[in-house]
Amino acid sequence: MKELNPGPVIIRKRRQLGITQDELAFRMGVSKAAVSKWETGVSLR
């Protein structure tokens, strides 16, 4: 079974938009820590 790792996709798309983790977190209504964890693969929720 292939493991899902959306981190690189999130990083690439965020950089294409030219926004920081803080800005993405604000737009999504989550904490910056959550975005960081998604990008590093620590947490996928």
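Reader: Start with one residue. Is Val35 buried or exposed?

Author: This is a predicted model. The relative accessible area of Val35 is 0%. Buried means under 20%. Val35 is therefore buried.

Reader: Which helix holds Val35, and which residues does Val35 touch beyond four places in sequence?

Author: Val35 sits in helix H3. Set aside residues up to four places away in sequence, and its contacts are Gln21, Leu24, Ala25 and Val30.

Reader: What is the overall make-up of the chain, in helices and strands?

Author: The elements run α-α-α from the N terminus on. The C-alpha trace spans about 35 × 20 × 15 Å along its principal axes. The count is 3 helices and 0 strands.

Reader: What percentage of the residues count as buried?

Author: The protein chain has 45 residues. Val35 is buried, and so is Gly7. Over the whole chain, the buried share is 22%.

Reader: At what angle do H2 and H3 pack?

Author: H2 covers residues 21-28 and H3 covers residues 32-40. Their axes lie 8 Å apart. The packing angle is about 110°.

Reader: Are H2 and H3 roughly parallel or roughly perpendicular?

Author: Angles from 65 to 115 degrees count as roughly perpendicular. H2 and H3 pack at about 110°. The two helices are therefore roughly perpendicular to each other.

Reader: Is the crossing of H2 and H3 left-handed or right-handed, and which residues make the contact?

Author: The crossing of H2 and H3 is right-handed. From H2, the contact uses Gln21, Asp22, Leu24, Ala25 and Met28. From H3, the residues are Lys32, Val35, Ser36, Trp38 and Glu39.

Reader: Which residues make up the largest nonpolar core, and which helix supplies the largest share?

Author: The largest nonpolar core has 6 residues: Ile19, Leu24, Ala25, Ala34, Val35 and Trp38. H2 and H3 each supply at least two residues of this core. The largest share is 3 residues, and the source is H3.

Reader: Now Gly7. Is Gly7 buried or exposed?

Author: Gly7 is found in helix H1, residues 7-17. Its relative accessible area is 0%, and the cut-off for buried is under 20%. So Gly7 is buried.

Reader: Which residues does Gly7 contact beyond four places in sequence, and how many Å separate the C-alpha atoms of Gly7 and Val35?

Author: Leaving aside neighbours within four places, Gly7 is in contact with Trp38 and Glu39. Gly7 and Val35 are 28 residues apart along the chain. Their C-alpha atoms are separated by 9.1 Å.

Reader: What about Glu23: partly exposed or buried?

Author: Glu23 is found in helix H2. From Val35, Glu23 is 12 residues away in sequence and 10.0 Å away in space, C-alpha to C-alpha. The relative accessible area of Glu23 is 36%, so Glu23 is partly exposed.

Terms used
Residues are numbered from 1 along each chain as its sequence is written. This is a predicted model: local features need pLDDT of at least 70, side-chain atom pairs count only at pLDDT 80 or more; totals for chains, interfaces and linings use all residues. Side-chain values use heavy atoms; hydrogens and water are left out. Axes are lines fitted to C-alpha atoms, for helices over the stretch in contact, and angles run from 0 to 180 degrees between N-to-C directions. Helices (H or I, at least four residues) and strands (E, at least two) are DSSP runs, numbered from the N terminus. Angles under 35 degrees count as roughly parallel, over 145 as roughly antiparallel, 65 to 115 as roughly perpendicular and the rest as oblique. A crossing is left-handed if the near helix is turned anticlockwise from the far one by less than a right angle, and right-handed if clockwise. Contact means heavy atoms within 4.5 Å. A nonpolar core is a set of buried Ala, Val, Leu, Ile, Met, Phe, Trp, Tyr and Cys residues joined through side-chain atoms within 4.5 Å. Buried means under 20% relative accessible area, exposed over 50%, partly exposed in between (1.4 Å probe, protein chains only).
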